[in-house]
Amino acid sequence: EKLIGAGLCAIALSGAVVGIGQIFGSYLQGALRNPAAAPQFQAMVWIGFALAEATGLVGLVMAFIILGAA
């Protein structure tokens with residue numbers, strides 16, 4: 001049972017990968033359309049990346065906690 005729970009928590013990692021791809025893909029698309037405006041959005045891109053990555057890491061930590069529980 002705990003392997004199923006850990007596997008479900010690990011799904012958060014795939015969600016983080018999709019989120020990071022969306023963030024950088026949208027930024028690149030916008031930067032290619034308007035290169036002059038790209039630097040002003042770069043900080044928001046890195047904040048979005050950090051939040052998406054944190055979501056994946058929380059899922060990974062929860063999976064390890066579930067696996068380590070007796």
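Reader: Why is Phe24 called partly exposed?
Author: The relative accessibility of Phe24 is 28%. Buried means under 20% relative accessible area and exposed means over 50%, with partly exposed in between (1.4 Å probe, protein chains only). Phe24, at 28%, therefore counts as partly exposed. Before we go on, please keep in mind that this is a predicted model, where local features need pLDDT of at least 70 and side-chain atom pairs count only at pLDDT 80 or more, while totals for chains, interfaces and linings use all residues. Residues are numbered from 1 along each chain as its sequence is written, and side-chain values use heavy atoms, with hydrogens and water left out.

Reader: How many aromatic pairs does the structure hold, and what makes Phe24 and Phe49 one of them?
Author: There are 3 aromatic pairs. The ring centres of Phe24 and Phe49 lie 5.7 Å apart, and their planes are at 55°. Rings of Phe, Tyr and Trp (its six-membered ring) pair if their centres lie within 6.5 Å; planes under 30 degrees apart are stacked, over 60 edge-to-face, and the rest tilted. With 5.7 Å and 55°, Phe24 and Phe49 form a tilted pair.

Reader: What does that pair tie together?
Author: Phe24 belongs to helix 1 (residues 2–33) and Phe49 to helix 2 (residues 38–68), so the pair links parts that are 25 residues apart in sequence. As for the word itself, helices (H or I, at least four residues) and strands (E, at least two) are DSSP runs, numbered from the N terminus.

Reader: Why is the pair of Trp46 and Phe49 called edge-to-face?
Author: The ring centres of Trp46 and Phe49 are 5.8 Å apart with the planes at 90°, so this pair is edge-to-face. Both residues sit in helix 2, 3 residues apart, which is about one turn of the helix.

Reader: Are Trp46 and Phe49 buried, exposed or partly exposed?
Author: Trp46 has a relative accessibility of 45% and is therefore partly exposed. Phe49, at 26%, is partly exposed too. Together, Phe24, Trp46 and Phe49 form one aromatic cluster.

Reader: How do you know that the span of helix 1 agrees with its number of residues?
Author: Here is the rule: the expected span is 1.5 Å times one less than the number of residues. The 32 residues of helix 1 should span 46 Å, and its end C-alpha atoms are 48 Å apart, which agrees. Helix 2 has 31 residues and reaches 44 Å from first C-alpha to last, close to the expected 45 Å.

Reader: Which residues of the helices are buried, and what covers them?
Author: In helix 1, the buried residues are Ala6, Cys9, Ala16, Ile20 and Ala31. Helix 2 is included in what covers them. In helix 2, the buried residues are Ala38, Val45, Ala52, Gly56, Gly59 and Ala63, and their cover includes helix 1. Contact here means heavy atoms within 4.5 Å.

Reader: What makes Val58 exposed?
Author: Val58, found in helix 2, has a relative accessible area of 52%, and therefore counts as exposed.

Reader: Why is Gln40 called exposed?
Author: Gln40, in helix 2, has 61% relative accessibility, so the label is exposed. The C-alpha atoms of Gln40 and Met62 are separated by 35 Å, with the residues 22 apart along the chain. Pro39, also found in helix 2, is exposed at 57%.

Reader: And where is Asn34 placed?
Author: Asn34 is in the loop between helix 1 and helix 2. With 40% relative accessibility, Asn34 is partly exposed.
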